[in-house]
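Open the model in your viewer and keep the sequence panel beside it. This tour tells you what to select next and what is there.

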Amino acid sequence: MNRGLYIILLALSTIAILACLVIDFEAWIVYTVAIFGIPLWVLSLGLLTMAKAKPEDVEERVKEPFTGY
Amino acid sequence: MNLMAEILIQVVIAFLAGSLLLGLHRKVMARVQKRPGPPIVQHLIHSLKFFFKETAIPKTVSKVFYVGIVFILALVWIVGVIAGPVAHDSLLILFGVYAVYKIVEHNSGSSSGSPYGKLSCVRAVLSAATELPLFAAIVLVYLMTGTMNIGEIITYQSVHGPLAFSIPLAAVMFFMLIITKSPYSPFAITKDKALISGFETEHFGFLRGFMLFSESIAWYVMLWVFLTIFFGPLNAVGYLIGMIVITFITGFINATTPIFSPNHSVMTQITIGAICFFGTLLMIFTGVVA
């Protein structure tokens with residue numbers, strides 16, 4: 001898992017959102033930051049907080065029970 | 001108020017109110033079916049709980065797409081919050097949001113390797129029939145008010161009275177969309193229990209929590225839009241009562257109606273949409289509506 005990448009994404013989205021809270025940017029900039037920044041913040045936070053399988057259980061977890069097409 | 005602060009507050013309100021309303025919806029359905037049902041806060045607790053649950057990405061999924069589609073689902077409903085409660089912008093943006101939501105249903109199913117997800121993805125194409133009555137309702141609102149801007153529609157209603165009384169059939173069409181998007185709906189062919197959880201089957205753990213987060217916002221935005229464009233300027237108490245009443249009504253309907261087969265679902269939606277659309281046109285052009 002790319003823990004480092006998730007931390008960077010969380011930091012970037014947090015900084016962008018905080019910057020818009022502190023500075024009065026033009027509306028289109030705030031909308032862009034909100035539209036991409038809020039989902040990115042939740043996504044990166046979730047990827048960090050979610051529990052991961054133990055190394056010995058990983059294979060079992062990712063195995064697809066259905067064969068698909 | 002700072003624009004970002006306003007957006008954040010509205011997103012948090014949408015998430016909390018939407019979660020509690022969906023919890024209420026489950027409770028109403030349970031009571032109608034003579035079950036105690038889960039507590040009203042259960043949906044909210046589930047959404048938060050899943051953020052800490054073990055999550056793995058199955059081997060058969062398309063990885064980037066599998067995670068990306070959940071991100072897009074949240075993105076479109078943040079756009080919904082901005083276009084609706086925050087900016088009172090055009091109804092066409094909200095129509096676009098619904099259209100992209102349909103694409104999310106489709107692609108969420110297809111990105112998973114599961115046949116259940118894929119079958120749900122195929123049904124998502126069929127259930128695009130829902131968008132026709134929605135578009136027709138927007139057209140009728142435009143014919144009456146001469147604008148698609150939500151702010152101007154509110155102003156129109158403050159002068160002429162709520163649109164629900166002048167073009168009730170258009171309101172019925174929009175209400176049908178709300179029923180379609182409500183949990184356990186008779187029109188929810190993409191989430192038929194025969195398909196396990198439909199397009200969400202392979203999204204579990206944190207990703208399911210993220211989807212529940214977006215769906216709570218979606219429910220709030222849909223109810224907000226319906227109340228705003230058909231029941232005129234409302235204060236916070238008006239919105240609260242309206243949302244609770246609609247949640248009760250949809251809960252009753254869904255608890256007592258079995259899910260339709262895909263062809264019946266599509267034909268019912270199109271038939272109701274056509275009757276309401278031409279009925280409203282008739283009312284407008286024969287002068288029944290001033």
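**Stop 1: a helix pair in chain A**

Select helix α1 (residues 3-22) and helix α2 (residues 27-49) of chain A: the two pack at an angle of about 145 degrees, with their axes 8 Å apart. Axes here are lines fitted to C-alpha atoms, for helices over the stretch in contact, and angles run from 0 to 180 degrees between N-to-C directions. The crossing of α1(A) and α2(A) is left-handed. That term applies if the near helix is turned anticlockwise from the far one by less than a right angle; clockwise would be right-handed.

A note before you go on. This is a predicted model: local features need pLDDT of at least 70, side-chain atom pairs count only at pLDDT 80 or more, and totals for chains, interfaces and linings use all residues. Residues are numbered from 1 along each chain as its sequence is written, while chains are lettered from A and ligands numbered from 1 in the order in which they are written.

On α1(A), the contact residues include A:Y6, A:L10, A:S13 and A:I17. On α2(A), they include A:V33, A:G37, A:W41 and A:L48. Two residues are in contact if their C-beta atoms, placed from the backbone, lie within 7 Å. By class, the residues of this contact are 14 nonpolar, 4 polar and no charged. (Ala, Val, Leu, Ile, Met, Phe, Trp, Tyr, Cys and Pro count as nonpolar, Asp, Glu, Lys and Arg as charged, and the others, Gly among them, as polar.)

**Stop 2: the whole of chain A**

Zoom out to chain A. It has 3 helices and 0 strands. Helices (H or I, at least four residues) and strands (E, at least two) are DSSP runs, numbered from the N terminus. Of the 69 residues of chain A, 26% count as buried. Buried means that 20 or more other C-beta atoms lie within 10 Å of the residue's own; exposed means 12 or fewer, and partly exposed is in between, with C-beta atoms placed from the backbone.

Pick A:A19, in helix α1 of chain A. Is A:A19 buried or partly exposed? It has 15 C-beta neighbours inside 10 Å, so A:A19 counts as partly exposed. Next, draw a distance from A:A19 to A:E59. They are 40 residues apart in sequence and 42 Å apart in space, C-alpha to C-alpha.

**Stop 3: where the chains meet**

Show both chains. The contact takes 31 residues from chain B and 28 residues from chain A. On the side of chain B that touches chain A, α1 (3-32), α3 (63-86), α5 (115-126) and α10 (206-230) of chain B each supply at least two residues. The largest share, 6 residues, comes from α3(B). Colour this side of chain B by class: 20 residues are nonpolar, 7 polar and 4 charged.

**Stop 4: the whole of chain B**

Chain B holds 12 helices and 0 strands. Its radius of gyration is 19 Å, close to the 19 Å that the globule rule gives for 290 residues, so chain B is as compact as a globular protein of that length. (The radius is taken over C-alpha atoms; the rule is 2.2 Å times the number of residues to the power 0.38.) The C-alpha trace of chain B spans about 60 × 50 × 40 Å along its principal axes. Buried residues make up 50% of the 290 in chain B.

**Stop 5: helix α12 of chain B**

Select residues 262-285 of chain B. This is helix α12, with 24 residues. From first C-alpha to last it reaches 34 Å, close to the 34 Å expected at 1.5 Å a residue. The expected span is 1.5 Å times one less than the number of residues. Among the buried residues of α12(B) are B:S265, B:G273 and B:F277. Their cover includes α5, α6 (131-145) and α9 (168-181) of chain B. After α12(B) comes B:G287, with a positive phi near 85 degrees.

**Stop 6: two loop residues**

Most residues other than glycine have a negative phi. Go to B:H88, in the loop between α3 and α4 (91-111) of chain B. Its phi is positive, near 50 degrees. Then B:Y184, in the loop between α9 and α10 of chain B. Phi of B:Y184 is also positive, near 60 degrees.

**Stop 7: B:L207**

Finish in helix α10 of chain B, at B:L207. B:L207 is buried, because 25 other C-beta atoms lie within 10 Å. Which residues does B:L207 contact, leaving aside its neighbours within four places in sequence? They are B:T55 and B:V70.
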